[in-house]
Amino acid sequence: MRNLAFFRSSSPAMIMTGLVAVLVGYASSLAIILQALERAGLDASQTGSWLMMLGIGMGITSIGLSLYYRTPILTAWSTPGIALLATSLTGVSINEVVGVFIFASGLMLLCGATGIFAKLMNYIPRSIASAMLAGILLRFGLSTFEALQVNFILCLAMLAAFVLTRRWFPLYAIIATLITGIIVAGISGDLHFTQTGNVFTLPTFVQPQFTMTTLIGVGIPFFIVSLASQNAPGIAILQ
């Protein structure tokens, strides 16, 4: 009954907010993820399988945790962590990459179950967590001006759509910006769709491989970056 009341209380504004959160989460980091998977030597089929399982896992955990805690909880990948992997996976096999993810996830689970991370957060000043969040967001802000040099008309149109929509219809600013970008890219002829295989691909099993070199050289930095640079600012926002 409690969950039914939760669904009945949903509104178009809440649904749009969730859509924007997922859209921004995917769009802002997908290029980095693809670069990291390319460094790991994945082909198109394996990449599609990887992204599909990411989406399924994020969807199930987000729905389950939100219903259980009655709090909006969105699970996602760590953008700084993926950026680290994109520069650290050269010469590392996909089996070792899976081992790195399992190892780092195990350490995160240990921190969560024992409460170590929560205790550490009590000793980290909020100003430092806010500065870490600013460091993450600064890259996205600066990349806007870098993109202006590549396609000035497209970026200017999307920026104008965001500013104007944000002024009068803030809830739909991201969606309006996306639609504007698609329209401008289509008119200018920069929008191309290429199919390199099947649209849908079945997940493929990858046997994890654990090597001390990759666990220490990649797994531990990935764990630290994901836990510190992503979760600490997130907790600061919730507070």
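Start with Tyr68. Its relative accessibility is 59%, and exposed means over 50%, so Tyr68 counts as exposed. This is a predicted model, and the values here are computed from it.

Tyr68 does have a ring partner. With Tyr69 it makes an edge-to-face aromatic pair, with centres 4.9 Å apart and planes at 85 degrees. The count of aromatic pairs comes to three. Elsewhere, ring pairs join Trp50, Phe101 and Phe222 into a cluster.

Now take the helix α3, residues 44-69. How far apart are its end C-alpha atoms? They are 37 Å apart; the 26 residues of α3 should span 38 Å at 1.5 Å a residue, so the two values agree. Arg70 follows α3 and has a positive phi, near 55 degrees. Within α3, the buried residues are Thr47, Ser49, Trp50, Met58, Ser62 and Ser66.

In soluble globular proteins, nonpolar side chains tend to be buried together. Here the largest nonpolar core has 24 residues. Trp50 is among those with the most contacts inside it, alongside Leu42, Ile82, Leu85, Leu89, Ile94 and Val97. Which helices each supply at least two residues of this core? They are α2 (12-39), α3 (44-69), α4 (79-86), α5 (94-114) and α10 (212-238). The largest share, six residues, comes from α5.

Neighbours within four places in sequence aside, Val97 is in contact with Ala40, Trp50, Leu89 and Val92.

Technical notes: Residues are numbered from 1 along each chain as its sequence is written. This is a predicted model: local features need pLDDT of at least 70, side-chain atom pairs count only at pLDDT 80 or more; totals for chains, interfaces and linings use all residues. Side-chain values use heavy atoms; hydrogens and water are left out. A nonpolar core is a set of buried Ala, Val, Leu, Ile, Met, Phe, Trp, Tyr and Cys residues joined through side-chain atoms within 4.5 Å. Buried means under 20% relative accessible area, exposed over 50%, partly exposed in between (1.4 Å probe, protein chains only). Helices (H or I, at least four residues) and strands (E, at least two) are DSSP runs, numbered from the N terminus. Contact means heavy atoms within 4.5 Å. Rings of Phe, Tyr and Trp (its six-membered ring) pair if their centres lie within 6.5 Å; planes under 30 degrees apart count as stacked, over 60 as edge-to-face and the rest as tilted. The expected span of a helix is 1.5 Å times one less than its number of residues.
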